[in-house]
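Here are some notes for a colleague who is meeting this structure for the first time. Please read them with the sequence and the structure side by side.

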Amino acid sequence: MGKSYQVSAKVDAGMLASALGSGDVGVLATPVMLSLMEQAACACVQDCLKEGETTVGAQIDLAHISAVPAGMEITATAEIIKIEGKKVLFKIFCEDREGIVGKGTHLRLIVNRDKFQQRAAAKVK
């Protein structure tokens, strides 16, 4: 436990709520913040997985606390707080130079990549 990983990005016009349709203001869109947090969680656990395994997002509890304009650097962090069988629970948060932008928890499940993809593909038949 306690293992963490960070992903940083400079907020650009394509990352804004007004560009994504998740709002009409020119600030960091919540879905973009969440995506960076998920990227950090995926990378955090990647070297712990067996051959053929991956993780998939299963649950997120997220608060978006502060607005971030274009041009600011943000850093998303995922820290493992609990592993229970195939479940990995992360503390997630995002910061800019002013402080916390968002925070919450994220549950990922360890799955066999091929079997998971096959089950998903079977839905279109």
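1. What does the accessible surface of the protein chain come to, and what share of it belongs to carbon and sulfur atoms? Bearing in mind that this is a predicted model, the accessible surface comes to about 7300 Å², of which 51% belongs to carbon and sulfur atoms. Of the 125 residues in the protein chain, 35% are buried, and the C-alpha trace spans about 40 × 40 × 20 Å along its principal axes.

2. The protein chain has three helices and five strands, and from the N terminus on these elements follow the order β-α-α-β-β-β-β-α.

3. The five strands form an open sheet with antiparallel pairing, in the order E1-E3-E4-E5-E2. Strand E1 (4–10) and strand E2 (53–64) stand at the edges with a single partner strand each, so one side of each is left without a neighbour in the sheet. Neighbouring strands of this sheet are turned against each other by 25 degrees on average, direction ignored.

4. Helix H2 (residues 30–46) lies across E1, E2, E3, strand E4 (87–96) and strand E5 (99–112), running at about 140 degrees to E2, whereas helix H3 (residues 113–121) lies across E2 and E5, at about 90 degrees to E5.

5. As to charge, the mean positions of the 15 positive and 14 negative charges of the protein chain are 9 Å apart.

Terms used: Residues are numbered from 1 along each chain as its sequence is written. This is a predicted model: local features need pLDDT of at least 70, side-chain atom pairs count only at pLDDT 80 or more; totals for chains, interfaces and linings use all residues. Side-chain values use heavy atoms; hydrogens and water are left out. Two strands pair if DSSP finds at least two bridges between them. Helices (H or I, at least four residues) and strands (E, at least two) are DSSP runs, numbered from the N terminus. Axes are lines fitted to C-alpha atoms, for helices over the stretch in contact, and angles run from 0 to 180 degrees between N-to-C directions. Contact means heavy atoms within 4.5 Å. Buried means under 20% relative accessible area, exposed over 50%, partly exposed in between (1.4 Å probe, protein chains only). Accessible areas come from the Shrake-Rupley method with a 1.4 Å probe; for residues, only the protein chains shown count as cover. Lys and Arg count as positive and Asp and Glu as negative; His and the chain ends are not counted. The place of a charge is taken as NZ of Lys, CZ of Arg, CG of Asp or CD of Glu.
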